[in-house]
Amino acid sequence: LAEVLEHEQHLPSETLDGHRVPLMVNTGLAVDAVAVLKPRIAGVGLYRTEVPFMITERFPGEHEQTRLYREQLEGFAPLPVVMRTLDIGGDKDLPYFPIHEANPFLGWRGIRVTLDHPEVLMVQLRAMLRASAGLDNLRIMLPMITNVDEVDAALRLLDRALAELNDEINEEGARIKRPQVGVMIEVPATLYQLEALSQRLDFFSVGSNDLTQYLLAVDRNNPRVAGLYDACHPAVLSALARLSEESHRLGVPTSVCGELAGDPCGALLLTGMGFDALSMNAPSLPRVRAAIRRVSMSAARELVEETLRFTTPTAVRAHLRARFAEWQ
Ligand code: PEP
Ligand code: MG
């Protein structure tokens, strides 16, 4: 099977009737496999910047960060690379920046930390912008956004970083352009603020891991409640379907970069819902591509319609398995 799938990897990710579903990869550390991946993907849908921060002994400086980001941007150019600003807290701790809280997933996480430490965010933004000079493929993404004020505050810092860098650049140097900016849709509150967000941002990316955790009030890492954690819970699927519809209405390109996108059944549902791109860990690409290539868009839409009628996660899963077996 692996050989059969490998054989398809240079073929486009499209349904039987030619509907393209751009596949992107999630990255963290330096990607050695760029050469293999690049012709098969539409870009990097999520570069988790906290990953390189986890293996250093202190916050990497601006110079070091610029080098890291340049490597990603250059490696994948001209394909877009979505760089997420530091997403620590929750389950992701830096050894040199410990956070001790009773409820870390409801606490100081992601953008909440970096807006409280603008000096950390500014270094990161400056490094991203500097690394993007002359490449034009940087996109910046903000994690754990809960309200629009956080977006405005982050955008002010971005514009300040951009102005500072462009002031430094002398006449001959090419000015650095403002990249597209988007947010993670992972806190349920954002589902109800899409219009206000759309007025400020260029794209959305669904963090289905956290969105599931917060919609279901189930810790994504607690084995005691792992049986309750399910991205195919009818409430999660219904939220995703509405989100896709709403963001199309608002004209905001929306992708999914949580684990659901890397699950073949999940990917078919997200395709049927109309999401604009799916981003996943590289090992998931072959099976997702193969799954998409074996259905028509109308069948994927039908699958969504059928699935949304089930009222329990168990029934949803059973239905997905049955349909999937028929198609593959
Ligand atoms: C998510 O929450 O789905 C996501 C992609 O981000 P992370 O897993 O890094 O929290
Ligand atoms: Mg997340």
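Select M144 to begin: this residue is found in the loop between β4 and α7, where helices (H or I, at least four residues) and strands (E, at least two) are DSSP runs numbered from the N terminus. The model is a predicted one, in which local features need pLDDT of at least 70 and side-chain atom pairs count only at pLDDT 80 or more, while totals for chains, interfaces and linings use all residues. Residues are numbered from 1 along each chain as its sequence is written, and chains are lettered from A and ligands numbered from 1 in the order in which they are written.

Is M144 buried or exposed? M144 is buried, with 25 other C-beta atoms within 10 Å. A residue is termed buried if 20 or more other C-beta atoms lie within 10 Å of its own, exposed if 12 or fewer, and partly exposed in between, with C-beta atoms placed from the backbone.

**Helix α7**

Next, select residues 148–168, which form helix α7. At 1.5 Å a residue, its 21 residues should span 30 Å, and the end C-alpha atoms are 31 Å apart, which agrees; the expected span is 1.5 Å times one less than the number of residues. Colour V151, A154, L158 and A161, the buried residues of α7. Viewed down the axis of α7, the buried residues fall within an arc of 90°, so they line one face of the helix. The arc is that of the directions from the helix axis to the C-beta atoms. An α-helix has 3.6 residues a turn, so residues three or four places apart point the same way.

Turn to the face of α7 directed away from its buried side, where D149, D152, R156, D159, A163 and D167 are exposed. To see what covers the buried residues, display α5 (111–116), α6 (118–131), β4 (138–142), β5 (180–185) and α8 (194–198), which are among the covering elements. Contact here requires that the C-beta atoms of two residues, placed from the backbone, lie within 7 Å.

**The nonpolar core**

Which residues have the most contacts inside the largest nonpolar core? They are M83, M128, V183, L268, L270 and L278, in a core of 78 residues. Helix α6 gives the most to this core, with 7 residues. Such a core is a set of buried Ala, Val, Leu, Ile, Met, Phe, Trp, Tyr and Cys residues joined through C-beta atoms within 7 Å. Centre the view on L270: leaving aside residues up to four places away in sequence, it touches V256, L260, A261, F275 and L278.

**The shell around ligand 1**

Select ligand 1 together with L46, R48, D87, E186, G207, S208, N209, D210, C257 and G258, which surround it; a residue is near a molecule if its C-beta atom, placed from the backbone, lies within 6 Å of it. Both β2 (44–48) and α9 (208–216) supply at least two residues of this shell, and α9 gives the most, with 3 residues. By class, the shell has 2 nonpolar, 4 polar and 4 charged residues. Ala, Val, Leu, Ile, Met, Phe, Trp, Tyr, Cys and Pro count as nonpolar, Asp, Glu, Lys and Arg as charged, and the others, Gly among them, as polar.

**From A217 to helix α10**

Move to A217, in the loop between α9 and α10. Its phi is near 55°, a positive value in a residue other than glycine. A217 is exposed, with 9 other C-beta atoms within 10 Å.

Select residues 234–250 for helix α10, whose 17 residues reach 24 Å from first C-alpha to last, close to the 24 Å expected at 1.5 Å a residue. Its buried residues are V236, L237, L240, A241, L243, S244 and S247. These cover an arc of only 160° around the axis, which puts them on the same side of α10. E245 and R249 are exposed on the face turned away from the buried side. After α10 comes G251, with a positive phi near 75°.

**Final stops**

Inspect the peptide bond between A77 and P78: it is cis, with omega about 5°. P78 is placed in the loop between α4 (62–76) and β3 (81–84).

Select R67 in helix α4; with 14 C-beta neighbours inside 10 Å, it counts as partly exposed. R67 and A127 are 60 residues apart in sequence and 8.2 Å apart in space, C-alpha to C-alpha.
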